[in-house]
Structure formats: C-alpha cells, structure tokens
Amino acid sequence: MKQKTSRLILLTFALLSTIFAVTLLARRYAHDDTRKTTVAERRRLLRLTDPKSVTSKDLSEVAWRQVAPSQQISCNLDGTSCLDPIGIVGEWVHVPDRTFAAPVCCDLRTELRKSPDVCGTEEGNRKFYSGFPSYPQQTDGNGCRCEEMNFTDDYEWRSPHLPQTFNPVDTCRLLGDRTALFVGDSTMSQTASTLMNSLLPGHCQTQVSFALSDTLVGKPFGVFNRGKAWKDWVNEVMPDITVVTVGAHVSSEDALYLGLVDEVLSGMIEMQSRHPRMKFVWRTQTPGGCTNEIISPRDVNVAAQYSTEHFRGLYNYETFYRRDLLLLDRLNRAKIPYLDMRMLYSRSDAHVSVFPGGPVRGDCIHWCSPGPLDVIGRLFHQLLNEEL
C-alpha cells in the first residue's frame with residue numbers, strides 16, 4: 001500500500017512539473033512576441049522624428065499619443081533625466097499675411113500705448129489683472145515694441161491635434177461660467193494677456209485673470225521673487241481653473257527645481273481634495289534665446305537641442321527643455337493636465353531683442369506681440385475640450 005502511495009505521489013509531482021514547465025515556456029514566447037512588437041513600435045515612433053518620413057496616417061496616429069505623453073517620455077530610475085523621442089507633433093508653416101486671434105498689442109506703459117479708441121484708457125496692473133470688458137488687455141515684457149522694428153510673424157503652428165483656426169465663441173462656450181487664474185512670472189503674464197485678447201470676441205475674457213508669482217512658493221531661487229505664493233493667490237481668488245508655471249527665476253540646480261515642483265504638486269492635490277470643483281493645470285516654460293531666423297520649423301526636438309547647447313543667460317535658458325521633460329514626467333504620474341508649449345523652442349526669432357540696435361536689448365525671453373504666443377488660444381480650447 002505504501003509503495004502504491006509513493007508511486008502516485010511521484011506521478012502527481014511529475015505531472016505538475018510538466019504543466020509548470022509548459023506554462024513557463026508559453027509565457028516566455030508570449031513575452032518575446034510582446035517585446036518584438038514593442039521594439040517595432042518604438043522604431044516606428046522614432047522614425048517619425050524625421051519630418052521627411054512622416055505621413056498623414058502617422059500624424060493622425062501620433063495625435064492621440066500626445067494626449068498621454070507618458071508613453072513617449074522615458075526617464076532614468078531616479079527621475080533626474082528624461083528623453084522624449086517624439087516631442088511636439090506638428091510644424092511651423094510659413095503663412096504670409098496670416099491672421100491672429102489676438103491682433104492688437106496694447107503696451108502696459110501709457111507713453112507707448114496706442115490711441116484710446118484702440119486700447120482704451122484703463123490702467124493695467126503688473127501684479128493682478130483680468131481681461132478688460134471692452135478693450136484688449138495691456139501687455140508687459142516689451143512685446144509691443146517689436147512693431148517699431150517692423151516685426152511681422154509669418155509663421156503659424158500647425159498640428160494634427162489642434163484646431164487649425166481659433167474660435168473664441170466656441171472656446172467661451174466650453175469655459176462656461178468658470179473662471180481661470182494664470183499664476184507665474186512675466187512670461188505667464190504675456191501668455192495670459194494674449195489669451196484674454198484672443199477671447200475678446202467671445203466675451204469671456206473677463207473670466208480670465210493673471211497673478212504674479214515668480215517662483216510660485218514665495219522663496220528666492222537665484223533671480224527675482226516677486227508676487228505672492230500661488231496658494232495665497234488661489235485662496236484669495238478661488239478660481240475654478242488654476243494654471244501655473246515656473247522656471248526662469250529658478251537658477252539653482254535641478255534638484256531644487258524638482259523639489260519646488262513636487263511641493264506645488266502636493267499642494268494642488270491637497271487643495272483639490274478640499275475643493276473638488278477646482279482644476280489645476282501646469283504650463284511648460286516658454287523658451288529663451290535670440291536668433292535671426294526660425295530654428296528647425298519642422299522638428300522642435302532639433303530646436304530644443306540647439307537651445308540647450310547654444311543659449312545662456314540670466315534666466316538659465318539652457319535648462320528649460322531638460323526641466324520641461326522632468327516636469328512632464330511628474331505631471332503624467334500625478335495626472336495633472338498641462339499646456340504644452342514646447343513648439344516655441346523653434347521661435348527664438350520672435351523675442352524682443354532679436355533686432356540689432358533695436359529699442360530693447362538683452363531680453364531674449366519675452367515675446368513679440370502679435371507673434372508665436374497666439375497659439376495659446378487653440379491650446380486653451382483643446383485643454384477645455386479634452387481635459388477639463
């Protein structure tokens with residue numbers, strides 16, 4: 001009886017071992033097939049970085065990938081370095097006599113402002129303001145002075161996942177009765193003013209506001225530290241949508257920048273738990289650096305690399321793209337939506353100091369207006385339509 005029992009146990013063990021081995025082998029083949037597919041897909045995506053190889057079918061397929069860039073941005077284990085093999089999908093197209101969503105530039109300084117029938121008589125505020133009821137909001141950062149040098153922006157950003165034209169009425173419909181607060185430095189002020197003026201025909205520009213906060217957390221990081229902390233602004237204004245940005249005034253090493261980002265993200269998550277109606281958004285940096293010509297209009301990755309290698313300045317331009325990728329990785333993991341403005345890395349030809357002997361010198365971070373920032377209307381529309 002004992003011998004029969006022992007034989008039965010041995011047979012059972014042999015059968016189980018065989019099943020286990022077959023299962024492992026099947027899993028290995030399945031893993032190999034998946035790996036081959038993944039590698040093939042990765043090679044196809046990398047091929048898309050060559051504009052000459054991109055087809056309309058490729059662009060339409062990549063469009064939806066742009067909604068979830070975590071599939072394309074890869075970082076090292078400690079999250080201190082990231083790569084994006086695709087970048088922004090689209091190109092800057094030469095369009096002579098193009099139209100603008102925000103065609104009028106009204107300078108914040110009275111002595112440089114256009115006539116009252118164009119820009120009104122209301123006085124702006126650098127620290128906090130909303131869209132004017134009847135006239136374009138005023139713009140800081142010397143953007144209006146490019147007109148003195150006869151600057152004309154003949155390039156327009158085209159992308160398969162952005163509307164080709166901007167419809168302010170439709171965008172205001174998507175915004176509804178909600179309010180949006182843009183918090184950040186002077187580059188964010190230019191962004192917010194351009195958006196307000198783009199929305200003027202839709203009559204919701206007064207629902208958009210700007211609040212100054214150079215570092216978001218009210219602490220100095222090597223350059224300026226103007227304005228209140230982002231949390232103080234949000235608690236004061238109580239907007240439905242808050243859009244933040246930071247970078248130009250953080251000249252410290254990347255570790256401090258990432259610590260700042262993590263601090264703000266933690267605050268966003270905590271605040272949203274207390275105010276579920278609130279939505280939080282991040283805007284990538286608007287790049288710095290001056291060139292006489294547009295850089296790589298069909299491949300922003302090339303332009304970004306150029307800015308990393310060739311631009312230096314008070315506002316640490318060379319760190320912008322690297323930090324944008326670090327930021328996007330964190331935003332994807334935190335599930336925080338964002339306004340991705342990396343297409344501007346090609347537009348170092350549209351900063352206010354690109355003109356030799358011009359009225360503004362040493363400013364290669366603020367933008368000529370009207371100019372490339374006009375893309376903000378379509379980006380905001382997309383944000384409302386897909387994320388908020």
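Proline 96 is partly exposed, because its relative accessibility is 49% and that class lies between buried, under 20% relative accessible area, and exposed, over 50%, computed with a 1.4 Å probe on protein chains only. Proline 96 sits in the loop between strand S3 (91-94) and strand S4 (106-107). Helices (H or I, at least four residues) and strands (E, at least two) are DSSP runs, numbered from the N terminus. Threonine 152 is 56 residues from proline 96 in sequence, yet the two C-alpha atoms are 9.2 Å apart in space.

I should state the basis of these values. This is a predicted model, in which local features need pLDDT of at least 70 and side-chain atom pairs count only at pLDDT 80 or more, while totals for chains, interfaces and linings use all residues. Residues are numbered from 1 along each chain as its sequence is written, and side-chain values use heavy atoms, with hydrogens and water left out.

The pLDDT is the predictor's confidence in each residue, from 0 to 100. Its mean over the protein chain is 82, and 80% of the residues reach 70 or more. Over residues 13-70, however, the pLDDT is below 50, and this stretch has 40 contacts in the model beyond near neighbours in sequence; a contact means heavy atoms within 4.5 Å. Where pLDDT is low, the predicted coordinates should not be read in detail.

Turning to the chain as a whole, its secondary structure comprises ten helices and twelve strands. Of its 388 residues, 53% are buried. Among contacts between residues at least 6 apart in sequence, 75% join residues at least 24 apart.

Which residues touch the most other members of the largest nonpolar core? They are Phe182, Trp230, Met268, Trp282 and Met343, in a core of 91 residues. Such a core is a set of buried Ala, Val, Leu, Ile, Met, Phe, Trp, Tyr and Cys residues joined through side-chain atoms within 4.5 Å. Helix H7 (residues 254-274) supplies the largest share, eight residues.

Phenylalanine 182 has contacts beyond four places in sequence that include Met188, Leu195, Val243 and Phe380. Phenylalanine 380 belongs to helix H10 and is buried, because its relative accessible area is 0%. Beyond four places in sequence, phenylalanine 380 touches Thr171, Leu175, Ala180, Phe182, Leu195 and Leu339.

Helix H10 (residues 376-386) also meets helix H5 (residues 186-199): their axes come within 9 Å and cross at roughly 80°. H5 is therefore roughly perpendicular to H10, a term covering angles of 65 to 115 degrees. The axes are lines fitted to C-alpha atoms over the stretch in contact, with angles from 0 to 180 degrees between N-to-C directions. On the H5 side are Thr191, Thr194 and Leu195, which meet Ile376, Gly377 and Phe380 in H10. By class, this contact has three nonpolar, three polar and no charged residues.

Finally, some features of the backbone. Serine 369 and proline 370 are joined by a cis peptide bond, with omega about 0°, and proline 370 lies in the loop between strand S12 (338-339) and H10. Leucine 216, although not a glycine, has a positive phi of about 70°; this residue is buried, because its relative accessibility is 0%. Methionine 238 also has a positive phi, near 55°, and lies in the loop between H6 and S10.

Notes: Parallel < 35°, antiparallel > 145°, perpendicular 65-115°, else oblique. Nonpolar A, V, L, I, M, F, W, Y, C, P; charged D, E, K, R; others polar.
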